[in-house]
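This briefing is intended for a reader who has the sequence and the three-dimensional structure at hand. Please keep both in view while working through the points below.

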Amino acid sequence: MKRIPKHILTASALCLCVVGLVIYLAIGFTSQRKAEPIYAGPGVTDVKMLSHWFPALAGSNGDTEVYILDSGKPGASMLVLGGTHPNEPSGFISAVTLVEYCQPTSGTLYVIPRANNSAFTCTDPQEAAPTKYYIDTKNGTRWFRFGSRATNPIDQWPDSEVYVHASSGQQLSGSETRNLNRAYPGRADGTFTEKVAYGITQLILAQNISITVDLHEASPEYTTVNAIVAHENALNLAAMTLWEVEEDLSITIEASPTNLHGLTHRELGDYTNTLALLMETANASQGRLHGAIDSELVVTGQDKFYARAATYGAVTVPYTEAGISLSERCARHIACLVQFAEQYDGPDGVISLGAMPTYRQILANGIGYYLSDPQ
Amino acid sequence: MDIELICLMSMLAVFLLANLLLKLPVSVSMILGAVVGALVGGQGIPLRHLFEGTFTYVDTMLIISTAMLFMTVVQESGALDALNAAIVTKFYKVPALMLILLMFVVMFPGMITGSSTAAVLSAGALVAPVLLLIGIPREKAGAILAIGAIMGMAAPPINIPAMLIGGGVDMPYIGFDGPLFLLTIPCAVFAVLFLGLKYCKNMDIEKLKAGLDLEVGKKYGVRLYIPIIVLVVLLVVSKLVPSFPQLGTCLIFLISAVIGLFTGKKFNFWKKSLEAMETTIPVLAKLMGVGMFIQTLTLVGARGWIVVSCLGLGMVFVYIASFTIMPAFGAVSSYGAASVIGVPFLLVIIQNTSCSDIVVAAVLAFSCCLGDLMPPTALAGNYAAQIVELKYSKVLKNCVIPFLVCVAVAVVCILNSNALAFLTK
C-alpha cells in the first residue's frame with residue numbers, strides 16, 4: 001500500500017475546519033434538547049415526574065412529566081401515552097390537548113405526553129425530517145419538536161445487531177433496541193429504554209390504572225392503520241368504542257398478536273390489570289413513499305406521492321391530494337379516548353373526560369383551536 | 001417532469017462526472033452529488049443533513065475498523081499460517097468437501113452477526129490464503145469470499161434485512177430459518193464449487209507444503225488459535241444466550257485482537273494497525289459519502305419518487321424490481337433497501353396475492369443481501385478484493401454467474417412460496 005505523504009500544515013488546517021464545523025453543527029443538534037412548552041390546563045391537579053414511580057430515572061433524559069387530572073370524584077383511571085414515537089405527532093399533540101383542555105368530571109386521567117422523552121432530542125438518520133413543526137392556535141403559533149422513533153443514541157448506544165426482548169426471548173432487528181414500544185414491560189436493571197418502560201409499568205401497577213391507551217401513527221401503506229389494537233381483555237371496550245364513533249369515522253379493531261412482544265397492547269395487558277389499547281392514525285410524513293418532509297407535510301398531511309400511490313392501490317387508507325391533516329388524526333385519537341372513558345364500567349367505577357371537543361368540531365376548527373396560546 | 005426526478009438525475013450526473021471524468025474518489029463524488037442535489041431541490045447546502053447522514057454507518061464503520069485490527073493480529077501472530085497449514089494437510093484429498101467446509105467457515109460470522117463485512121473481514125481473511133494456496137486464482141478466491149460473506153449475512157439465525165422488513169409490517173422474526181436455509185445453502189455450495197473446484201482437482205501436497213509455514217503451528221501449539229476461539233465463542237454466546245452481557249461486535253473483535261497480542265509471534269502492533277487503518281479509510285469515507293447521498297435523496301423527495309414509481313408499474317414490475325432495483329439499492333445500503341423498498345414491496349405483494357408472507361419476506365431479504373455486491377459500496381466485494389489484493393471490479397466480475405444463480409433460486413422460491421410455506425412451521 002502506497003503511504004500517503006505527510007502534509008502537516010494542510011492536515012492541521014483541515015482538522016481545524018472540521019472542529020469548527022462540528023462545533024457549529026453540535027450547537028444545532030443540542031438545541032433540540034430544548035423542550036416545547038406544555039401549559040397545564042384547568043384540569044391539571046398535579047404534575048409528577050415518572051421517577052416518582054421509578055426513582056432510578058431521576059435526573060436522566062428518561063424522566064418525563066406525568067400530568068394528573070383528578071376530577072375530585074372517585075372512579076376509574078386512564079393513562080394516555082403520547083410521544084412513544086416522537087416522529088408520530090398526532091399522538092403527542094392529542095396528549096398535549098388533553099393536558100391543556102381536558103377537565104375530567106369523574107375518575108382520574110394521567111397523561112404522559114413525552115413517553116420517550118429522549119427520542120424528542122434527535123431525528124433519525126436517512127429520514128431527513130424537520131426538527132420542528134408549527135401549529136396555529138387562536139392567537140399565535142406554537143412550535144413542537146419532530147423527533148425520532150427511538151431513544152437518542154447519546155442516552156443508549158451502541159445497539160446490538162439483534163435485539164432480544166428480555167421477558168420473551170423474541171429476536172428483533174437491532175434497530176428496535178431503542179424503541180420504547182418494544183421494551184415493555186421493561187426491566188429495572190435493563191437498558192435506558194427498558195428502564196423507561198419499567199417506570200411506566202410501575203406507574204400503572206402503583207396507581208391501579210384501569211385503561212391504558214398508547215397513541216401512535218403509521219404510514220398510510222401500513223396494514224394496521226386507522227385502527228385500535230386491543231389486548232384480549234380490552235376487546236369489548238374497543239368494540240363498544242367503535243360502535244359509538246363509527247358514525248363519524250371509519251376505524252378497525254385488531255386483537256393484539258400473542259406472538260409479538262414488547263408492545264404496550266401485549267405486555268401491559270399481560271403484566272398488569274390495565275385494559276391495554278393502542279391506536280394508529282395515518283401519517284404521510286412517516287412512511288417510505290412521501291416526498292420531501294417539512295412542517296407543512298407534518299401538519300397538512302398532503303403529499304403528492306402518497307396521493308399517486310393511492311391510485312395504484314398501494315396504500316391501505318383512503319388518501320387523496322387533500323391529505324390527512326394532523327387535526328383529523330388528532331380528532332380520531334381524541335374521539336376514541338373520550339369513548340374509551342365513557343364506555344368503561346369496571347369495578348373501580350367510571351371515568352369521564354368532561355366536555356372535550358367532538359371529532360367534527362376538531363375537524364372544523366383545527367386542533368390548534370383547543371391548544372393554549374403561546375405564552 | 002417531477003422536480004424530485006430532476007434532483008435525482010442531477011445527483012447521479014454529478015456523481016458520475018466527478019468519479020469517472022474527474023477521477024475523484026467515490027466518497028468525494030457522492031458528497032458533491034449530494035450537495036448539488038440539495039441545491040437543485042432548493043435546500044441550499046444542508047450541513048445538518050449531510051452530517052446526520054454520515055451517522056447511518058457509524059456502527060458499521062466501527063465494526064470494520066475493529067475487524068481490521070483483529071485481522072492484522074491474526075495474520076501477524078502466525079495464527080493464520082498455522083490454520084492454513086492445518087486445513088490443507090488434513091483435507092487436500094477431498095477438495096470438494098474442503099471447499100464446501102471453507103465456504104461454511106466464511107459464512108459463519110455472517111450467520112451470527114448478520115453482517116457480510118464481519119464475515120469477510122474475519123473468516124474471509126482466514127480462508128483466503130488457503131484458497132490461494134490450493135491454486136484458486138485471486139479473482140475467483142475473492143469472489144468466493146464475497147459470495148460466502150453474503151450467503152452468511154442472509155443465512156439464519158440472524159438475517160437483519162428480514163428483521164427490518166418484518167419489523168416494518170409487525171411480522172415477528174419467526175419461521176424464517178427454513179426459507180433462508182433453502183435460499184442460501186444451495187447457492188453457497190454452487191458458488192464455491194463453480195468458482196473453485198476445477199482448480200483443486202489435482203493438488204500436489206508436497207508443492208503445497210512448500211508454500212506453507214508448518215513450523216509456526218508446532219512452535220506455539222493450540223494457543224495460537226485462542227483469539228479465533230475467543231471471537232467465535234463470544235459472538236455465539238452473546239447472540240444465543242440472552243442473559244449474557246451484550247458486548248457488541250466491535251468490542252468482541254477488540255477483545256480477541258488484544259488476546260492475540262500474547263498468543264503468538266511478537267510484532268509492532270502500532271505500526272501494523274496503522275497500516276491496516278490506512279487501507280480501510282477509503283471504504284469508511286465511501287460509507288460516509290453514501291450516508292450523505294441517501295439522506296439528500298430523502299430530503300429532496302427523490303426516495304419517495306423512486307419507490308412510488310416502482311409501485312406504479314404494476315405487480316409484474318414489483319416482482320422484477322424485487323430482484324433488480326432492490327439489490328441495486330444495495331449500492332447505497334442493503335439495510336436501507338430492506339427498510340425503504342422491502343417493506344412497501346412486501347405490503348403490496350401480500351395485499352395483492354395469496355403468497356406465503358414469511359417466504360416472500362425471506363426472499364426479499366435475501367435479495368437485499370445481494371446488494372452488498374453492488375458498486376460503489378459493495379462492502380463484501382470491496383473487502384474480499386482487499387484481502388486478495390485486487391481491484392474490486394475484478395472480483396465482482398467473477399461474482400456475476402453465482403449472483404444470477406442466486407437470483408434464479410430466489411425467483412423460483414417467490415413463485416412457489418405457497419408450496420414452500422411448510423418450511424416456515
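The points that follow treat each chain, then the sheet, the contact between the chains and the nonpolar core.

The structure is a predicted model.

**Overall form of chain A**

- Chain A has a radius of gyration of 21 Å, which agrees with the value near 21 Å for a compact globule of 375 residues.
- Its C-alpha trace extends over about 80 × 50 × 45 Å along the principal axes.
- Of the 375 residues in chain A, 58% are buried.
- When contacts in chain A between residues at least 6 apart in sequence are considered, 71% of them link residues at least 24 apart.

**Overall form of chain B**

- For the 425 residues of chain B, a compact globule would have a radius of gyration near 22 Å, and the chain agrees with this at 22 Å.
- The C-alpha atoms of chain B occupy a box of roughly 70 × 50 × 45 Å along the principal axes.
- Buried residues account for 59% of the 425 residues in chain B.
- Among contacts in chain B between residues at least 6 apart in sequence, 81% connect residues at least 24 apart.

- Strands β3 (residues 77-81) and β4 (residues 108-112) of chain A run parallel and are joined by 5 bridges.
- Within this region, Met78(A) is placed opposite Leu109(A) of β4(A).

**Strand β12 of chain A**

- Why is β12(A) described as largely enclosed by the rest of the structure? The reason is that 8 of the 8 residues of β12(A) are buried.
- The cover extends to both faces of β12(A): Leu275(A), Leu277(A), Met279(A) and Thr281(A) are buried on one side, and Ala276(A), Leu278(A), Glu280(A) and Ala282(A) are buried on the other.
- Strand β12(A) pairs with β9(A) in the parallel sense over 8 bridges, and Asp214(A) has Leu278(A) of β12(A) as its bridge partner.
- Strand β12(A) also pairs with β10(A), here in the antiparallel sense over 4 bridges, and Ala230(A) has Leu277(A) of β12(A) as its bridge partner.

**Contact between the chains**

- Chain A supplies 37 residues to the contact and chain B supplies 51 residues.
- On the side of chain B that touches chain A, the elements giving two or more residues are α3 (47-54), α9 (160-168), α15 (269-299), α16 (302-312) and α19 (334-352) of chain B.
- Helix α15(B) gives the most to this side, with 8 residues.
- The residues on the side of chain B that touches chain A comprise 24 nonpolar, 19 polar and 8 charged.

**Helix α16 of chain B**

- Helix α16(B) is mostly covered, with 9 of its 11 residues buried.
- The buried residues of α16(B) are Ala302(B), Arg303(B), Gly304(B), Trp305(B), Ile306(B), Val307(B), Val308(B), Cys310(B) and Leu311(B).
- The cover over these buried residues includes α7 (304-311) of chain A, together with α1 (3-21), α15, α17 (315-322), α18 (325-329) and α19 of chain B.
- Just after α16(B), Gly314(B) adopts a positive phi of about 95°.

**The largest nonpolar core**

- The largest nonpolar core holds 268 residues, of which Leu277(A), Leu145(B), Ala146(B), Ile150(B), Ala362(B), Ala365(B) and Ala384(B) touch the most other members.
- Not counting residues up to four places away in sequence, Leu145(B) touches Val106(B), Val120(B), Gly124(B), Val127(B), Ala128(B), Ala384(B) and Ile387(B).

Conventions:
Residues numbered from 1 in each chain as written. Chains lettered and ligands numbered in written order. Predicted model: local features only at pLDDT ≥ 70, side-chain atom pairs only at ≥ 80, totals over all residues. Rg over C-alpha atoms; globule rule 2.2 N^0.38 Å. Buried ≥ 20, exposed ≤ 12 C-beta atoms within 10 Å, placed from the backbone. Contact = placed C-beta atoms within 7 Å. Pairing = 2+ DSSP bridges. Nonpolar A, V, L, I, M, F, W, Y, C, P; charged D, E, K, R; others polar. Core = buried A, V, L, I, M, F, W, Y, C linked by C-beta atoms within 7 Å.
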